[in-house]
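This report is meant for a reader meeting the structure for the first time.

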Amino acid sequence: MGRPKAFDEDEAVRAAVGLFGGRAYDGVSVDDLVTHLGVHRNSLYKTFGSKRGLYLIALRRHLTDDVRPLLDALAGESDAAAALRLVTSADLGLLLLAAIERAPVDEEVASEVTAALTAVDQAIADALGVPADLATALTAAALGILLRGNPDNAVNALTQQLGPLT
């Protein structure tokens with residue numbers, strides 16, 4: 001009979017979201033995970049299978065805890081500027097890093113990222129009553145603004161050009 005787990009799996013996954021969201025997959029070593037999560041190496045492998053296994057669980061948790069609330073908030077928004085501000089103020093760090101770093105080389109991550117971004121596109125299209133291709137462009141613009149920083153000034157400039165949508 002094995003020993004009981006000496007760590008809270010939910011807390012470990014939450015901590016992994018923060019770690020991967022701040023440093024990306026390749027910027028986090030197994031030693032980093034062991035240190036920051038307070039998990040023994042053997043427990044990490046036994047519970048999550050691998051670093052990648054923990055990463056996938058963390059990514060899915062991020063989508064549930066951070067992206068899903070954004071989708072819900074967008075559903076109640078009919079103003080383009082407010083919708084863009086919701087996206088640019090959301091904690092989407094892990095999603096963006098996953099899109100850039102892991103999705104090109106990992107089909108499972110690519111599938112999760114594509115589904116999440118498609119859901120954001122659809123939420124914007126539904127909320128604003130705009131065609132899907134315009135919603136996709138708005139999502140791309142919002143994520144670009146988020147990546148570049150200073151979202152309020154950029155959102156203001158963009159929404160001034162979107163006149164009829166606001």
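## Charge and surface

The mean positions of the 14 positive and 22 negative charges of the protein chain lie 9 Å apart. These values, like the others below, come from a predicted model. The accessible surface of the protein chain amounts to about 8600 Å², and carbon and sulfur atoms contribute 52% of that area.

## Overall architecture

Along its principal axes, the C-alpha trace of the protein chain spans about 65 × 25 × 25 Å.

Of the 166 residues in the protein chain, 40% count as buried. Among contacts in the protein chain with a separation of 6 or more, 67% are accounted for by residues 24 or more positions apart.

## How α4 and α5 pack

In general, two packed helices are described by the angle between their axes and by the distance between those axes. Helix α4, which covers residues 51-75, and helix α5, which covers residues 80-89, pack at an angle of about 170°, and their axes are 10 Å apart. Because angles over 145 degrees count as roughly antiparallel, α4 and α5 are roughly antiparallel to each other.

Which residues meet where these two helices pack? On the α4 side they are L70, A73 and L74, and on the α5 side they are A83, L86 and V87.

## Helix α6 and its surroundings

Helix α6 runs over residues 93-102, and its buried residues are L94, L95, L96, A98, E101 and R102. The buried residues of α6 pack against α1 (9-23), α4, α7 and α8 (132-148).

I100 and A24 are 76 residues apart in sequence, while their C-alpha atoms are 9.5 Å apart in space.

## A24 in a loop

A24 is found in the loop between α1 and α2, the latter covering residues 30-37. Although A24 is not a glycine, it has a positive phi of about 75°. A24 has a relative accessible area of 10% and is therefore buried, since buried means under 20%.

## V120 in helix α7

V120 is found in helix α7, which covers residues 107-128, and at 4% relative accessibility V120 counts as buried. Leaving aside neighbours within four places in sequence, V120 is in contact with V67, L70, L71, L74 and T139. Among these partners are L70 and L74, which also take part where α4 meets α5.

V120 and D106 are 14 residues apart in sequence, and the distance between them in space, C-alpha to C-alpha, is 21 Å.

## S43 in helix α3

S43 lies in helix α3, which covers residues 41-48. At 22% relative accessibility, S43 counts as partly exposed, because that class lies between the buried limit of 20% and the exposed limit of 50%. S43 and D79 are 36 residues apart in sequence, and their C-alpha atoms are 48 Å apart in space.

Definitions and conventions. Residues numbered from 1 in each chain as written. Predicted model: local features only at pLDDT ≥ 70, side-chain atom pairs only at ≥ 80, totals over all residues. Heavy atoms only, no water. Buried < 20%, exposed > 50% of the residue type's maximum accessible area, 1.4 Å probe, protein only. Contact = heavy atoms within 4.5 Å. Areas by Shrake-Rupley, 256 points an atom, 1.4 Å probe, with all protein chains shown as cover. Lys, Arg positive; Asp, Glu negative; His and termini not counted. Charge placed at Lys NZ, Arg CZ, Asp CG, Glu CD. Helix = DSSP H or I, 4+ residues; strand = E, 2+ residues; numbered from the N terminus. Axes fitted to C-alpha atoms, helices over the stretch in contact; angles between N-to-C directions. Parallel < 35°, antiparallel > 145°, perpendicular 65-115°, else oblique.
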